[in-house]
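Let's walk through this structure together, one region at a time.

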Amino acid sequence: MYGVLVIPNFFLQAQLRIQTELWKLPVVLLEEASKGNKDRGKARILQATKAALNAGVDLGMTATQGQARCGELQVLYRSSEDEKTAEAMLLDRIDLWTPDFEATAPGVCTLDLLGNGEARRSPERLGKKMVRLFAEHGLQAQVGFASHPGVALLAARQAAPVLVVGAVGMEEVAFLNQLPVQALMPSADLQEVLRLWGVSTLGQLRALPASELVERLGPEVMALIEGTQSRRRRLLKLVRPPSLFLQQMEFEHPVETLEPLLFVIRRMLETLAARLAAVHLMAGEIYLTLGFEDETTHERNFRVPDPSREVDLLFRILHTYLENFTAETPMVLLALEAMPSRALAHQFELFESSLRDPNRFSETLARLEALLGEDRVGTPEPLATHRPDAFVMKPFQEISRTDQSRRRSKKPTPLEAARQAAADTIRLGLPLRRFRPPERITVMTEKQGPIAILSGQVQGPVTQQRGPWLLSGEWWHDALWAFKEWDVQLEDGGVYRIAEVEKNQWILVGAYG
Amino acid sequence: MEGSKIVQLRGLLKEQFPEAHADRPHGRDGKVVTGLSALDAIGLEKGVLCEAVAEQSSQGGGLLFTRVLRGLAEQGLYTVFIDGRDALDPQSLGREACRRLLWVRCVEAAQAIRAADLLLRDGNLPFVLMDLEWNSLRELGRVPSSSWFRLRSLIEKTGATLCVLTPTRLISSAHLRLKLGSTFTTEDLEEQEDKLTDKLSLMITRHLRGRALAERTG
């Protein structure tokens, strides 16, 4: 048994749901896109109240034409927000009768009522209940029941307000045969041909030989007829609410050590993995939330580079992080949420090299971060500035993925290619290695040039020097920088870069080679 | 039968795409193609622990590593640079080479050894460079030789290549030891890098070629 609930003139009803008094007045609804547009005057009437239709207003007219027929005509424009709200309300209420339903079109829902006892016993009563419920929410509904979704939809369109076709109601064949052809919503051309042929009901249409009908009128007519035949039953595209893969636990006794927490985390992950497996999905990200006795919380997001629902792998990711995590107060709440994702489909280029096991690598990076600190592992990205040592650390994975997508996306522009070529070809001098932080040194100078380094980890007389190189920048805000740089060679053969940051204030920047 | 088909397919691919095969870092003879002619002439083998010793400042250790990192990046490979004293200058390395680099910024030798251990066990990135040139001798002396043996056994197991730059002969378990003997002056700062690379002198002081190969082939 299938039921179809139709909200006739859904767009108009969605707008007038709250202003029900307007139903008695001549009101028309126009396309939303035309609102505020210079073509606003050309917008056509989509839907209209009975009062407007009775006053001679027809669908497809412009607002001006409508107002010429009816001076009191009120004009409204479609509101997607109102429609979304009404649609959400509709789907939410439908869930009361069956979990298996399809949002067939705006304002049309097809319900699979196989498991609904009331629908079997008294579909008429069920239909009336539905109509009453939606009336309370300002929507006028029509409900049709049949053993076939297509027939149920036709029944709903003909219902006033409930129509049952089949076992306990009107016989299906009789219902279909007397149905006017317009109820199938054929195209205007087809409708005109059928009118000229004198075919006005579906029964008359079905009586014609099918193959010759298709030869003359094309496949559209066949689709219309087959849509009403029980043997061509289609599968419903069921609406499923978004699943939340969340596990949460409030501890009766505050947790102070890692072991009990890990025990709970593993159990939670097992549950989450089983739920993900049931819907053939993987965990692409995991959100960890820890709540503490002092009512503070700690949140952390873990990305799973190669989405997986393997418990051991997900557990290791969390374990690695928590091993080095400390908190000032004991823990009272733990929540884990998995963000579902589809399994990653790789399509590598023929000779492309990539990571063998991205998940393992991600875990190794987490271990390295735990060992060295968060900004100590990654990929450096030099900044577009002349300020020395200006770079940011980026996560390694992110850059490798961007790189792959960038390579696939497009060729560089001629300007980019020229810049790249210049950067690649013009390389002068020895690479620098920097002392971080730069060391303060004492430098003996003569004629404002360095002649010896007197203190610090490198010392000695200067045998060769180049400079000064005057550098400055960002003078337009507080972070301005300015200094004189010198390249010097000491007696031991080492070539160094030193800089005078202020008068007689020197630093050892780095060493060449 | 199946095996012969695979061999045929490989042959066909090699014929059709010779440049793709020429660029592989581990060639047919298992040697790493770094793009640095001085090093490629010596032949850095797969599964080898290499020690490059720079006893004095500005002997070209930085140039050696920069060129190798850039060469491997040009081949589309990701590399690891374990920086014993957080000294790398990304601007000297260049934007493109940076994009394919995992930079591990340590402050002491013990951290660098631990990081190398983790990365070699991981096995995702087959080429690891470690710069310990600026770490103090006292600090390096505290690294037990068993740590280097452990790294060597990991390398042999995974087929990765580890190249370590040190200020003195330090790694008794190294398969290959090179001594840097170049001298550079301030005038070289205006020379093109390619010319400076030609001046780079690498002297082999230890090479366990036969042994390493025998161990690898089992």
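Two residues are in contact here if their C-beta atoms, placed from the backbone, lie within 7 Å. The model is predicted, so local features need pLDDT of at least 70 and side-chain atom pairs count only at pLDDT 80 or more, while totals for chains, interfaces and linings use all residues. Residues are numbered from 1 along each chain as its sequence is written, and chains are lettered from A in the order in which they are written.

Met282(A) lies in strand β10 (residues 282-292) of chain A; strands are DSSP runs of E with at least two residues, and helices are runs of H or I with at least four, numbered from the N terminus. Is Met282(A) buried or exposed? Because 21 other C-beta atoms lie within 10 Å, Met282(A) is buried (20 or more count as buried, 12 or fewer as exposed, and anything in between as partly exposed).

Now turn to helix α14 (residues 311-323) and helix α15 (residues 358-372), both of chain A, whose axes come within 9 Å and cross at roughly 5°. Axes are lines fitted to C-alpha atoms over the stretch in contact, with angles running from 0 to 180 degrees between N-to-C directions. That crossing makes α14(A) roughly parallel to α15(A), the word used for angles under 35 degrees. Among the residues making the contact are Leu313(A) and Ile317(A) of α14(A) and Ala366(A) and Ala370(A) of α15(A).

How values were computed:
Angles under 35 degrees count as roughly parallel, over 145 as roughly antiparallel, 65 to 115 as roughly perpendicular and the rest as oblique.
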